[in-house]
Amino acid sequence: MRKADGAEEVTIETYLHVREDVMQLYGFAERAERELFVQLLSVNGVGPKVALAIVSGSPAEELRRAIVREDAVRFQAIPGIGKKTAERIVLELKEKLAVTAIAPMSSANGDDHVVARDALVELGYSIIDAERALAETDDEASPEERVRQALRRAA
């Protein structure tokens, strides 16, 4: 765990998943990861392995933003998640996340973000890499400018 490097004491958030035949303990570096993991388990068809694959691939806040933006394509890029499961995740969690005080972006900013991400994907980025690159750009900039900023940082 990277956060434990050089630390004298580390706190790990845990979740105990109990089934009739097995008990599994999952550990998370942050509370936000654990909370998203638990919310994902409430989605029909999402078990612990898939939920763990989702929270392991990106920061929890990025994933929450994707859900609020109804960006199912973001989840389809994760191994083990098909189109139907991705759409179900967005559909079932969007309202729950809105209630937990996540400020949804205005639809224009959300649409601009998707335009910029899709442009990077067309240029050869994976969806996850495009999201990471855009996370380091100015949210207020136009999609074209955000793509330029992402490409400059990568060079």
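A: Pro-143, Arg-146, Val-147, Gln-149 and Ala-150 are the buried residues of helix H8, where buried means under 20% relative accessible area, exposed over 50% and partly exposed in between, with a 1.4 Å probe and protein chains only. Viewed down the axis of H8, these residues fall within an arc of 160°, so they line one face of the helix; the arc is that of the directions from the helix axis to the C-beta atoms. H8 comprises residues 143-154, twelve in number, and reaches 17 Å from its first C-alpha to its last, close to the 16 Å expected at 1.5 Å a residue. That expected span is 1.5 Å times one less than the number of residues. Helices (H or I, at least four residues) and strands (E, at least two) are DSSP runs, numbered from the N terminus.

The model is predicted: local features need pLDDT of at least 70, side-chain atom pairs count only at pLDDT 80 or more, and totals for chains, interfaces and linings use all residues. Residues are numbered from 1 along each chain as its sequence is written, and side-chain values use heavy atoms, leaving out hydrogens and water. The mean pLDDT (the predictor's confidence in each residue, from 0 to 100) is 84, and 89% of residues reach 70 or more. Over residues 101-107 it stays under 50.

Elsewhere, His-17 lies in strand S1 (residues 13-18) and is buried, with a relative accessible area of 14%. Beyond four places in sequence, His-17 is in contact (heavy atoms within 4.5 Å) with residues including Tyr-26, Leu-41 and Pro-48.
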